Amino acid sequence: MKDSIFSSLKKYKTVVLQTPVVRFFVPKSTETKRQKWIRRYWSAFFVGLLASVLYFKAVEYNFLYLFGEMPSIESLERPKMPTASELYTADGVLLGRYFKENRTPVTYEQLSPYIIEALIATEDIRFHEHSGIDLKAIMAVAASIVGGDPRGGSTLTQQTVKNLFKMRGKESRGLLGNVPIINALIVKTKEWITAISLEKHFTKEEIMTMYLNTVDFGNSAFGIYTASKTFFNTTPQKLNAQQAALLVGLLKATTYYNPFRNHDNAFRRRNTVLYQMQRYGYLSANQYDSLTKLPIKAKLVIENSEEGAGTYFKNEMNKYLEEWCRQNGYDLYADGFKIYTTIDSRMQKLAEEAVAEKIAPLQKVFDNHWRGLVPWTNKRGEVLPNYIENVAQSTVWYKELAKKYAGKPDSIQAYLNRPKKMKVFSWNGETDTLLSPLDSIRYYKKFLHAGLMTLDPSSGNIKAWVGGINYKYFKYDHVMQAKRQPGSTFKPILYAAAIDSMGYSPCSRLVDAPVYIRYKENGEDKSWFPHNADWIFSYDSMTLRHAMGRSINSVAAKLTELIGWTTVAHYARRMGITSKLSEVPSISLGSSNVSLYEMVGAYGTFLNEGVWTEPMFITRIEDANGKIIHRFIPKRVAALKPESAFLMTYMLQGSLQEPMGTSGFLYAYPKLFGGNEIGGKTGTSTNNADGWYFGVTKDLVTGVWVGGDDRSIHFRNGNVGEGGRTALPVFATFMEKVYDHPELGITKGSFPKPSIKISKPYFCPTRIKPKPDSLNINLDSLQLLEDIDGL
């Protein structure tokens, strides 16, 4: 049977012998050596081909979990790279960035042609010819290995896959992933498969852009945008040929060819890239000759989160945004959000300037005030024993020191008193000095600190936030984080409660006389006998507006007794005070600790027709494509009747309009007036440890706090330490600056007229002629302000 078949096919023998199926037509016994070799060759070829197909498919589908997961179709179609989230002001200025890898993506159109040409010439000259895998490059790699000089052969597409999908980590390994050589083969296979898939889904331009957006250039610069800024302080679109060559040269070894660490290596590598560009026709010979002679002009620009505007605000945003992302399943440091805040960059700059301009000279006053003495004293003026040592022992570094030298107190003391070189903060700029750890604590504890926040009361938008005098050296935020006794700035909440709930009006009268209150606190009998700031009781009958304008403690205490301190606490909570309040008679004089943030929000209630609006710092968050994923709406609570809110706004103006009003120092700032209405309230805590001022205009509510690092550090008397002399000047300077910038849209003018009928009497000005020596504002006081300004 076989013989007859072969006889009939004999004339086709030559053709048949040249086909892969030769073994089915030629009996082995009649094969020549050449025929046998051909048969074996094609058999091996088809077996190898089949095995390869099966292997690649097994890897692609993770057969029996042996190879680990491949990137999904969705991740291939929409590859995600870790992208920095950006924090913007309301007027579009970049405040800061959040990132694990400092990266900002760009489009292909935003790339300089030089960076594209340099990359292709150096890394993948056949980039536009292959489909993800360059077979010629692979053969060259094999030859180089045999020749003892191994080199890489990955295409740009494969390198993009490595950057995007991180398939070399443990999470991508299968059961065979722990076998070293096999794991390397599996990873390379995955990269090949994914590279081919990537080429199917994207154009060459898109792959090029993805690569440049994902690659690490060193110096914490991920992607071409950050690299351009970090090394040359420019944009990818403006890169010239020599700059592009240096950046591409870095990709071979970011440390070895770093121009700041290894200049000569970087110079040679840059010229190598320029040679490749000339070799493949991207540069002429003349261009190459001239460019290779140019020096490297790199300028390291590292993003510093402790510099720039709004540093305290940014730090508080970190905490808030991290928690918000955690609750909503996002990654702040990789999802590429654009976060728009309420801060106005121009107003923020003015606020920071105002704080610096007033606290720097006030620091000189404070230093002179305590010259030859230390400012950490108790209520009796006695120096606190071991104060500096106790502060040192509360630090993290001291606890580490105590572990290191356990049972060796002499060694600890020696370390604490050993001077070392350091940079310290001063109002004249950073200073190089030699101080021991204890001396540095002594130095820094003598500084005054400040906080400022300004709010648009109608929207609840925070427009400026200054948490301290210098974030690099003093990171504690005095807007939201710090809580201190507000002193008399808490009184408006008392008066608002009386007017809103008990029928009182600005014209209601009480006598300035001693008040003695007995009460129980935690089951214990107690008594309270407050005095006025000047320790004098006039025994005059006065309106509530006059009493609040002059900040008469006895009237506030009596009113508290009449309406109940629990009522005051209730209204405080309705007006946004969330800090723990002790429901005792002294609550109205600010005995409980609160934050500047809470108090500014509470004052905003008066200008917003009695509606407390939660102070808001973020308006919206957009994803990397500009889609709004969340819009923030502030909480609103009807805390006061609209009539009560209007009356309280009128009451606040009494600190300027009533005789001996505590805001009288504002008249030393004439730019604030001229067709303008202002209200405000001063506050000073016990021992002059905290100076406060809250000022209101038709557009803004602004709060200022000034004080030491803790309550033990304070002025010794109110002539220099009360809020009207420490915090008020900061407010006044800030508002003058705001009015000098009409582009901000903040103008002088009267408070809005009431939208409802006012049934309670309120116009009852106090008509007395104060004695010259009792005026809050007099020549001596004004001279003091001028002296402070002139220091």
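How many disulfides does the count come to? I took a sulfur–sulfur cut-off of 2.5 Å, and the count came to 1 disulfide. I kept in mind that this is a predicted model.

**Entry: the disulfide.** I found that C507 and C764 form the link, with 2.1 Å between their sulfur atoms. I looked up the torsion about the S-S bond next: at -105 degrees, the link of C507 and C764 is left-handed. I then asked where the two ends sit. C507 is in the loop between α20 (491-501) and β8 (509-511), and C764 is in the loop between α29 (728-739) and α30 (779-790), so the pair ties together parts 257 residues apart in sequence. Are C507 and C764 buried or exposed? Both are buried.

**Entry: another cysteine.** I also checked C325, which counts as buried because its relative accessibility is 3%, where the limit for buried is under 20%.

**Entry: the sheet.** I traced an open sheet of 5 strands with mixed pairing, and I wrote its order down as β2-β1-β3-β13-β14. Its edge strands are β2 (94-98) and β14 (628-631), each of which pairs on one side only. On average, neighbouring strands in this sheet are turned by 20 degrees against each other, direction ignored.

Y88 has Y340 in β3 as its bridge partner.

Which helix packs on the sheet? I noted α14 (residues 311-328), which touches β1, β2, β3, β13 (618-622) and β14. The direction of α14 makes about 45 degrees with that of β2.

Methods: Residues numbered from 1 in each chain as written. Predicted model: local features only at pLDDT ≥ 70, side-chain atom pairs only at ≥ 80, totals over all residues. Heavy atoms only, no water. Helix = DSSP H or I, 4+ residues; strand = E, 2+ residues; numbered from the N terminus. Buried < 20%, exposed > 50% of the residue type's maximum accessible area, 1.4 Å probe, protein only. Pairing = 2+ DSSP bridges. Axes fitted to C-alpha atoms, helices over the stretch in contact; angles between N-to-C directions. Contact = heavy atoms within 4.5 Å.
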